[in-house]
Amino acid sequence: MSEDLTRPVGDCLWTIDGDRVRMLGIPFGTRMTVVRLGDDRLWIHSPVKPSDERFRAVESLGDVGHVIAPNKLHHLFVAPWAERFSSARTWADPALQRRRSDLHFDGTLDDEAPAAWKDDIDQVWFRGSNVLSEMVFFHRKSRTLIVTDIIQNHEPEEDTWFWRGVKRLNGILAPDGGAPRDWRLTVRDRDAARRARDVLLGWDIERLVLSHGRCIEHDAHAFVRRAFEWVGQTA
Ligand SMILES: [Fe+2]
């Protein structure tokens with residue numbers, strides 16, 4: 001049954017797991033997040049590869065109003081989801097919009113949530129890396145932080161010993177996941193990263209939903225604070 005695909009995480013927030021994929025040879029699981037906004041429309045974050053079952057699972061929750069590409073790596077399946085839900089608007093991380101002028105998005109995201117979801121979801125543009133920036137979101141009703149790539153927490157039992165070792169070294173293996181060490185090295189503008197970190201730690205985070213790996217169901221603020229300790233103290 002398609003309903004089995006959707007996992008309720010908090011009030012008006014669900015996740016749907018996607019395929020296990022490889023990128024640059026590295027295996028990892030994928031996950032999308034679905035939020036029901038106050039106007040009853042659905043907001044879908046980092047949509048996974050669609051299938052009829054996954055389309056139906058989302059349709060069982062409502063009509064999609066917004067499809068989010070939160071960083072330049074997570075846009076592959078925005079188009080098919082937007083085609084399926086023809087009134088949906090597509091939104092992109094600013095860096096993605098800038099670098100991929102061949103892709104069409106209806107809106108560009110920034111530090112201020114658009115009117116369409118500002119009553120439900122806060123957001124911050126986590127910048128400072130010269131390689132990968134990311135839009136991070138906080139769904140107020142379920143007190144859930146939604147992160148794509150800049151925190152990962154891969155399940156050890158899903159990997160071979162080799163990949164477990166690689167992921168542990170990169171700081172992204174559960175239960176001690178966090179910001180990937182290779183990405184941290186690309187964050188040259190620490191002040192910008194600190195500002196974004198301070199904004200998101202100001203939110204009343206109970207849950208953490210991740211695109212890659214194990215989510216945190218309770219007291220996630222402490223996990224997130226630890227995950228961003230490397231950014232350092234604000235002067
Ligand atoms: Fe990713």
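Select β6, helix α3 (residues 94-99) and β7: together they make a right-handed β-α-β unit. Right-handed here means that, with the strands pointing away from you, the path from the first strand over the helix to the second runs clockwise. Helices (H or I, at least four residues) and strands (E, at least two) are DSSP runs, numbered from the N terminus. A word on the model: it is predicted, so local features need pLDDT of at least 70, side-chain atom pairs count only at pLDDT 80 or more, and totals for chains, interfaces and linings use all residues. Residue numbers start from 1 along each chain as its sequence is written.

Now zoom in on the strands. β6 and β7 (residues 107-108) pair in the parallel sense over two bridges, and W91 stands opposite G107. Two strands count as paired if DSSP finds at least two bridges between them. With helix α2 (residues 78-84) between them in the selection, β5 and β6 give another right-handed β-α-β unit.

**Stop two: the open sheet**

Next, pick the four strands ordered β8-β9-β10-β11, an open sheet with mixed pairing. β8 (121-126) and β11 (207-210) are the edges, each with a single partner strand, so one side of each lacks a neighbour in the sheet.

Touching means C-beta atoms, placed from the backbone, within 7 Å; axes are lines fitted to C-alpha atoms, for helices over the stretch in contact, and angles run from 0 to 180 degrees between N-to-C directions.

**Stop three: under α7**

Which residues of α7 are buried? Select A220, F223, V224 and A227. Buried means 20 or more other C-beta atoms within 10 Å of a residue's own, with C-beta atoms placed from the backbone. Look down the α7 axis: these buried residues fall within an arc of 95°, so they line one face. That arc is taken from the directions from the helix axis to the C-beta atoms. Their cover includes β10, α6 and β11.

Finish on L145. Beyond its neighbours within four places in sequence, L145 contacts residues including V136, L200, L208, A220 and V224.

Notes: Contact = placed C-beta atoms within 7 Å. Buried ≥ 20, exposed ≤ 12 C-beta atoms within 10 Å, placed from the backbone.
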